[in-house]
Amino acid sequence: MRYGYFDNARKEYVIDHVNTPVPWTNYIGVNDMCAVLSQTAGGYAFYKSPQYHRITRFRPNAPVERPGHYVYLRDDDTGEYWSISWQPVAKDLEKAHYVCRHGLSYSRYLCDYQDISASQTIFIPLNEPVEIWDVVLKNTGDRPRRLSVYSYLEFSFHHIDMDNQNFQMSLYSSGSSYADGIIENDLYYEENGYQWFTATFEPDGFDCLRDRFLGTYRDESNPIAVETGVCSGSFEKTGNHCAALQKKLILAPGEETRLAFLLGEGKRDAAIPYRKKYSDAKQVDREFQKLADFWNEKCEKLQVYTPNEGMNTSLNIWNLYQSEVNIMFSRFASFIEVGGRTGLGYRDTAQDAMTIPHSNPVKCRQRIVELMRGLTSEGYGLHLFQPEWFDPELQGKKQSFQSPTVVPTPSRAKMIHGIQDACSDDALWLVASVCEYIKETGEISLLDEVVTYADGGEGTVYEHLMRILDFSDRQVGKTGICKGLRADWNDCLNLGGGESAMVSFLHYWAIQNFIELSEFAGKKEQVQKYAAMAAKVKKACEENLWDGEWYIRGITASGRKIGTHLDQEGRVHMESNTWAVFSGVADEERGRKAMDSVDRYLYTKYGLMLNAPSYTKNDDEIGFVTRVYPGVKENGAIFSHPNPWAWCAEAKLGRGDRAMKFYNALLPYNQNDEIEVRQSEPYSYCQFVMGKDHTAFGRARHPFMTGSGGWAYFAATRYLLGVRPGYDRLLIDPCIPKDWKEFDVKRVWRGAVYRIHVENPDGVSKGVKRILLDGTEVFGGVPVQPEGTEHRVVVTMGK
C-alpha cells in the first residue's frame, strides 16, 4: 500500500493518505532555529540546542504525536471546527480531504472541508530566528462564511530534562503575558529566556495558558476555546503556557484571504519588526523563495540522469537533503532523540563531513575543525562532546548570575575521558573527511591551520591526522590487529577488550588516504613512514583475519576468533568483509569470495543484514550484541549505515550488477508501495530495517538521523556512478549494471560546471576506454578547469 508520491518538479513528497502507520517527519530550518514536524503538524521547535533551548513542547513515543504547531478553523454559524492539518481534530477522512507536502525545509498542510480550502505552510527564513505559518483560506462554496481562526502551540521549558521531570521548577519559573498583539513567554530563571508569538493581524482573542485554552479533561483534539468560539484572555506567572491567537473572518463566495502567525526568539519588542515585515505577504513569498533558491543551488551541484528513476529521485533531492540535515543538526533532534543527549558524536560527525563537501563546504569545514578540537593529544577522539567546550571564542564567557538552569559545563577532567572509554574507530574517519574536503575545495592550506587538542596543547591539522594514525598503530593486540577498546563502529560488539578486524581495515584505508594527501602536499618523509605502517597493517590482516571464505569480525580478549565458519551464530559479518575489500587489503580472489559470502548469507530483498545468523545466546565475551533481540538493530537487522560499504566494495571489484542489486534493495524509494511492511518514510533512509529473524521483517525504524544517508550518497555518486574529485583532477570511473547503455551527470567542481555523458557501447560494468574534454582526449581524469567555465565531458566505457 502507498500513502504518497514523489513530486520531483516541486522537490516535495506528497502524503495524500495522512494516516500513515508512524509519523513521517521533516526538518524546518537550516541555521540556528529548527523544527521537527510530522505529516500532521505534530512536533517541536528549538533554538541551537534541542536539549537546552527547546521552544515548543512535545510528548514523544505516544500513540499520537502531540502537541504540534496547529491552526484550527471554526464555522461560527454552525459551531463545527477542524484543523488545517489532520491532527489534532482528526476529522473523518471520508468527509475531509487532507494532504501534507513535505518539501526541503518546509512543510505544507492542506485541507478541503465543507467548502473551505485551507493551507498552512511552515518554514523558517534562512537568516532569521522566526518560524512562519503562512495560512491561506478560500471559500469555495456559494454562501458567505463566518469563520474563526486559532493558532496553537505549547511552550516548553528550555531545558528538556526539567520540562519533562522537574515540575517544581518548570511550572513555577515560567510566565506569559499579552500586549499589542504579541504573546511573550518568559522563563524567569534564565537571563535571556524569552520567546514570542504574534500574527500579521490584530487578534480578536487570545489565551496564554494551556489549560484555559484546552479546558479541563480535554486535549488538543477538542479545546474548549475553539468549541465555544471564545478565548478567555488568560495569562499568568507560573503554569503551562501556550500561544493561541484568534481572528474572526467573513469570507464571501470565492473570496480568499491570507494571514501569518510568527514564532520567534527574544522579548516582545523583538517581534515588532518581524510583525511589520511579514504583514506584507510579498515579504513572506520573498523569504520562501530565498529558501527554495538555497536548496536549488545545493541540488544543482550534482544532478544525475540514469536509467534508475529511484536513484535519480534519491540522489537529486532526498538523499542529499537527508545528508544535509545530518551535517546541520547532528543526531539529537528527531522523534527518536528528543532531548537527553546533545553535542557531536565523533564518528557520526566525521562521516557526515566526509560525504557532502560539494554542497555544504562551510559546514563540513566547521565540523572538521570542531572534531580536531575534540581530539586528544594521544590521538583518540572524545566519543560525545559539546563543540562549545573547546571553542576559543567562547572560553571564559560566563552567565552574569548562576541560574539553576544554566547550561552545564563540566570540568575539563570530566570532559576528557580516558582510553578505557574511547571507541577505536572514532577518529580514523576524520582522516578521509579532511582529504575529501581538500579534494573538493582545493584548500590545501587547511593542513597548516593550527588547532588545539582537547586536553591541552596545539598542532596543525596535518599533525592531528598523524596522531590519529599513530594512536591506532600503538593500540594493537597480540596479533597486530587494532584493539577494539570500548567498541568499534558497532557499539554493541565489545569483544571484551579484544581486537577488531574492522578497525584494522579502517586504519589501512585511513593510512592510504593520508599517503595520497601527503604525496600531493609534497611531504615525502611522511609518505615513506606511513607506507611502511600500511604494509605492516596489511600483513597482520591477511595473516590473522582470513577464514577461507570470508574475513572474521574480530578476536576476543581470550584469543577466540569471532565470525568464523565454526560459529553457529554470528558466522558472517558485513563490516569486516566490506572493509577488507573497500580498504584495498583484500586481493581480487579473497575479495570476491568475501563479497560472495556477504551476498549468500546476508542479502535480503530489503538490504544486507549486519550479521547472520543472529545471536540467540548471551555471550558477554562477544559483547552486548548478544543481548539484543534477534533481527533487531545490531543483531541481524538490516542496519542501513554499513550497506553502502558493500556497494563500494562491489564497485571496487567491478561487479556493477550486484552493486546495484544491493543499492536497490535498501533504496527507500523502492518501498513506496509497501508501506504496510516498511511503515516509515519512503523518502529517508532509516537507521535499520528489521531482519529475517524478526517477525516484523522489513519494518524500517529511525529516519533521517543516521549515517546511512551520507554514506548512501557518497557511495552511489562516487563509486557506482564513479564521479569523484581528486586533488588536481575529476576522476570518472563508473561501476554500473551491464545493461545500462548510458547515463549523464552534471557536476559543479571548484566553480566550473562539468556536463558528463557516459556511454557503454560494449555493455560492461567497469572500465573506461576514453575520456573527451570538450572534444579533446584526456588521460587519468579531467584536469581542474577555470572557475566560471562550463565543459562537456564524454566518457566511453569498455574493456
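Reader: How many bridges join strand 16 to strand 19?
Author: The model is predicted: local features need pLDDT of at least 70, side-chain atom pairs count only at pLDDT 80 or more, and totals for chains, interfaces and linings use all residues. Residues are numbered from 1 along each chain as its sequence is written, and side-chain values use heavy atoms, with hydrogens and water left out. Strands (E, at least two residues) and helices (H or I, at least four) are DSSP runs numbered from the N terminus, and two strands pair if DSSP finds at least two bridges between them. Strand 16 and strand 19 run antiparallel, and the bridges joining them number five.

Reader: Which residue of strand 19 stands opposite Phe-197?
Author: Strands of a sheet pair through backbone hydrogen bonds, either parallel or antiparallel. Here strand 16 and strand 19 are antiparallel. Opposite Phe-197 stands Leu-263.

Reader: Which strand pairs with strand 19 over nine bridges?
Author: This pairing is antiparallel. Lys-138 stands opposite Glu-256 of strand 19. The partner over nine bridges is strand 12.

Reader: Which are the edge strands of the open sheet?
Author: The sheet has 10 strands in the order 1-2-9-10-11-12-19-16-15-14, with antiparallel pairing. An edge strand here pairs on one side only. The two edges are strand 1 (4-7) and strand 14.

Reader: How many residues of strand 19 are buried?
Author: Buried means under 20% relative accessible area, exposed over 50%, partly exposed in between (1.4 Å probe, protein chains only). Strand 19 is largely enclosed by the rest of the structure. Of its 10 residues, the buried ones number seven.

Reader: Within what arc do the buried residues of helix 5 fall?
Author: In helix 5 (residues 268-278), the buried residues are Arg-268, Ala-271, Tyr-274, Arg-275 and Tyr-278. They line one face of the helix, because seen down its axis they fall within an arc (of the directions from the helix axis to the C-beta atoms) of 110 degrees.

Reader: Which exposed residues does the face of helix 5 turned away from its buried side carry?
Author: The buried residues pack against several elements (contact means heavy atoms within 4.5 Å), including strand 19 and helix 6 (281-299). The face turned away carries Asp-269, Pro-273 and Lys-276.

Reader: How many disulfides does a search of the whole structure find?
Author: A disulfide is a pair of cysteine sulfur atoms within 2.5 Å. The search covers the whole structure. The number found is zero.

Reader: How far from Cys-242 is the nearest cysteine sulfur?
Author: Cys-242 is in no disulfide. Cys-242 is buried, at 0% relative accessible area. The nearest cysteine sulfur belongs to Cys-208, at 6.7 Å.
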